[in-house]
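Some notes on the model follow, as numbered points. Please read them alongside the sequence and the coordinates.

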Amino acid sequence: MAVSASPTPIPEPEARDIARSDARTGRIVYAEAAFEHAFAIAAVVGLVGVLVAVLMRHGRAPAAGGAASTT
């Protein structure tokens with residue numbers, strides 16, 4: 001069984017993933033859109049959770065299901 005000496009080529013980054021590149025050093029700065037989307041989704045989920053907690057009807061009056069009546 002022969003092993004190939006050439007490694008698998010690394011795919012080039014797509015233009016939509018690159019925020020900018022430094023012409024002097026050749027370094028690429030990638031866009032942070034994924035982080036922005038993730039934090040926006042987390043914020044929406046958090047706000048929905050707070051809204052649900054505020055609008056819940058139970059928990060506003062003390063429980064009386066097991067209280068003994070004195071009459």
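1. V52 is a residue of helix α1, which covers residues 33–55. The model is a predicted one, and the points below should be read with that in mind.

2. The relative accessible area of V52 is 47%, so the residue counts as partly exposed; the class runs between under 20% for buried and over 50% for exposed.

3. Which residues make the nonpolar surface patch? V52 is one of them, together with V44, V48 and M56, and the patch amounts to about 330 Å².

4. The protein chain contains two strands and one helix. Read from the N terminus, the order of elements is β-β-α.

5. Strand β1 spans residues 18–21 and strand β2 residues 28–30; they pair in the antiparallel sense, with three bridges.

6. What do β1 and β2 form? They make a hairpin, and six residues lie between the two strands. In the turn, G26 has a positive phi of about 85 degrees.

7. On burial, the protein chain has 71 residues, and buried residues account for 0% of them. The accessible surface of the protein chain is about 7100 Å². Carbon and sulfur atoms hold 64% of that surface.

Note on methods
Residues are numbered from 1 along each chain as its sequence is written. This is a predicted model: local features need pLDDT of at least 70, side-chain atom pairs count only at pLDDT 80 or more; totals for chains, interfaces and linings use all residues. Side-chain values use heavy atoms; hydrogens and water are left out. Patches are made of residues with over 30% relative accessible area and no salt bridge: like charges are joined within 9 Å, nonpolar side chains (Val, Leu, Ile, Met, Phe, Trp, Tyr) within 5 Å. Accessible areas come from the Shrake-Rupley method with a 1.4 Å probe; for residues, only the protein chains shown count as cover. A salt bridge is a side-chain nitrogen of Lys or Arg within 4 Å of a carboxyl oxygen of Asp or Glu. Helices (H or I, at least four residues) and strands (E, at least two) are DSSP runs, numbered from the N terminus. Buried means under 20% relative accessible area, exposed over 50%, partly exposed in between (1.4 Å probe, protein chains only). Two strands pair if DSSP finds at least two bridges between them.
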